[in-house]
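Me: I would like to learn how to read a protein structure, one feature at a time. Where do we begin?

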Amino acid sequence: PKTSIFTISSVLSALSTDGEVVENWSGTHSASPSAYFQPETPAAVQRVVDLMGAARRRLRVVGSALSPNGMGLSDDGMLNMAFCAGVVSVDAERRQVTVQAGARVKEVVEALRPHGLTLQNYASIAEQQIGGFVQVGAHGTGAAVPPVDEQVVRLRLHTPALGALELSEASNPRLFRLAKVGLGALGVVSEVTLQCVPAHKLLQTTFVETRAGVQKRHAELLQHKHMRYMWIPHTDTVVVVTLDDAPDGMAPPPQPDEAAATKELRELLLAKDEGASAADAAAMNFAQLRDALIALDPLSKPHIIEVNRAEAAFWAKAGGQRIDWSDALLGFECGGQQWVSEVAFPCGTRAAPNGNDLAYMAELLEMVEASDLPAPAPIEQRWSARSRAPMSPAHSEGDDDIHSWVGIIMYLPDEATRGAITKRFWEYNGMCRERLWSKFGAHQHWAKIELPDDAAAAAAVRRRLAERFPVDAFNRARRTLDPHNILANDLVDSLLGDPREEAYAKRGG
């Protein structure tokens, strides 16, 4: 972050950061915190929480600031766990690891490697701190693989009112399940014990299908250990990526020729950009070519259709197989800075999918392609098993339930077009919210939810959240653990209400 940092050894009453700014990764949200703490021990975390609680000053926990909606940002106090980032212990017999919340996913993976262990699941980015990874309900893909909060077997939570709490299924299980996806609003997580799995290699297979082909093969494809679709608007191309345990002794498969695969993208760039040279284009990989092409005219639907079609041609040639460790294959290239919205919704069971996942995509693609939106590729679709954490968008009671996650994006190539792209993206997101979300029971990922500016639409979002999630129970826990509501920010309060009894009662809680 571009801000002054106060460690716990500093004079904690000095709460000035000279107007410096902390931004999230895509630069879509920022804050100018009056204090920015980086405590070095769990005891120091509690001291900061106590200090800010006594002063009735807000204190928001931020990790790597990757959340697209700025979930961890605040103009008052912010606390980053980057200095509480150790791997406390590895229990090889139980296949469990205890880490401090500031440890990054990639660091935990490397610490587990000598023990022959790894994490069961990953999101797309390995830079996340474990605390944020868990608190917002991150997920990977695989109809039999739950979101990452299901890996949590214990956590330590620092609260303004009750101090440090040790939570698990054996110790306050109800609060434990609520706090696993606690959005940083129930307390500051300083330590987490995660259930691991044996380290394993995966065989990744990438190929393209038509939309009709996906319809025919979908039930079969869901049986893969991990699977995702990348739908390319305005084409009949669906990129399918499956991952399963690699057969013992399998030789590394030959890799596609990227130069041949990117031919259409390079040719389109040279045709569209007079300043581009063949040498420069030849030095660019797929993601760089796509970003450069989109940047030429990101608000033109005809241009974006051309880029999408060139991307479809790339994937038709770039398919094939790879073998690598699971952590190397389950992450993937997300592209440059972007607006993103992602929703989860139930779609039956792995053995008996109800078809809602493909019906959602059919309606989404029809809506986008009939509009004037310059919708880039991909529209990504993933799956997860259910979560037992009540605040997870994938929460459900059925052991075999599965949920589909669908993400839409618009890239932000430069400052000159950022405002106009933002306006178009809110139209895109608004169309999905109005036409699809209620129909399919879809709810946004907590790290990607945004409250609409329109008052009626915002009220509708809050009503739907209260219907889907145990908001009353969550706010009762907030009042018990954080009676002065110092741990939330405006986004959390605008979505879930102010938990303080008088203010909450006025909202009808």
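**Reading the features**

Reply: Begin with strand pairing: strand β4 (residues 59-62) runs parallel to β5, and the two are joined over four bridges. Keep in mind that this is a predicted model.

Me: Which residue of β5 is the bridge partner of Leu59?

Reply: Leu59 has Gly77 as its bridge partner in β5. Strand β3 (residues 35-37) also pairs with β5 in the parallel sense, over three bridges. There, Tyr36 stands opposite Met78 in β5.

Me: Are the faces of strand β5 buried or exposed?

Reply: To read this, take the residues of each face and look up their relative accessible area; under 20% counts as buried. In β5 (residues 77-80), Gly77 and Leu79 on one side are buried, and so are Met78 and Asn80 on the other, so that both faces are covered by this cut-off.

Me: What is the order of the strands in the open sheet of eight?

Reply: The order is β15-β12-β14-β13-β17-β18-β16-β19, and the pairing is antiparallel. β15 (320-325) and β19 (443-444) are at the edges with a single partner strand each, so one side of each has no neighbour in the sheet.

Me: How many bridges join β13 and β17?

Reply: Strand β13 (residues 226-231) and strand β17 (residues 379-385) pair over three bridges, in the antiparallel sense. Trp231 has Ile379 as its bridge partner in β17.

Me: Which helix lies across β16, β17, β18 and β19?

Reply: That is helix α13 (residues 415-440), which runs at about 160 degrees to β18.

Me: How do I check the length of a helix, say α10?

Reply: Compare the expected span with the distance between the end C-alpha atoms. At 1.5 Å a residue, the 18 residues of α10 should span 26 Å, and the end C-alpha atoms are 25 Å apart, which agrees.

Me: Which residues of α10 are buried?

Reply: Among them are Ile304, Ile305, Val307, Phe314 and Trp315. The buried residues also include Lys301, His303, Asn308 and Glu311.

Me: Which residues touch the most other members of the largest nonpolar core?

Reply: They are Ile130, Leu186, Trp446 and Leu496, in a core of 94 residues. Helix α10 (residues 301-318) gives the largest share of this core, seven residues. Another core, of 38 residues, lies apart from it and includes Trp339, Leu358, Leu364 and Ile379.

Me: What is Leu186 in contact with?

Reply: Neighbours within four places in sequence are set aside when reading this. Beyond them, the contacts of Leu186 include Leu157, Thr159, Leu175, Phe474 and Leu481.

Me: Where is Thr159 found, and what does Thr159 touch?

Reply: Thr159 is found in strand β9 (residues 152-159). With a relative accessible area of 0%, Thr159 is buried. Leaving out residues up to four places away in sequence, Thr159 touches residues including Gln46, Val49, Asp50, Leu186 and Leu481.

Me: Which peptide bond is cis?

Reply: The bond from Ala377 to Pro378 is cis, with omega near -5 degrees. Pro378 is in the loop between α12 (356-370) and β17.

Key. Residues are numbered from 1 along each chain as its sequence is written. This is a predicted model: local features need pLDDT of at least 70, side-chain atom pairs count only at pLDDT 80 or more; totals for chains, interfaces and linings use all residues. Side-chain values use heavy atoms; hydrogens and water are left out. A nonpolar core is a set of buried Ala, Val, Leu, Ile, Met, Phe, Trp, Tyr and Cys residues joined through side-chain atoms within 4.5 Å. Buried means under 20% relative accessible area, exposed over 50%, partly exposed in between (1.4 Å probe, protein chains only). Contact means heavy atoms within 4.5 Å. Two strands pair if DSSP finds at least two bridges between them. Axes are lines fitted to C-alpha atoms, for helices over the stretch in contact, and angles run from 0 to 180 degrees between N-to-C directions. The expected span of a helix is 1.5 Å times one less than its number of residues.
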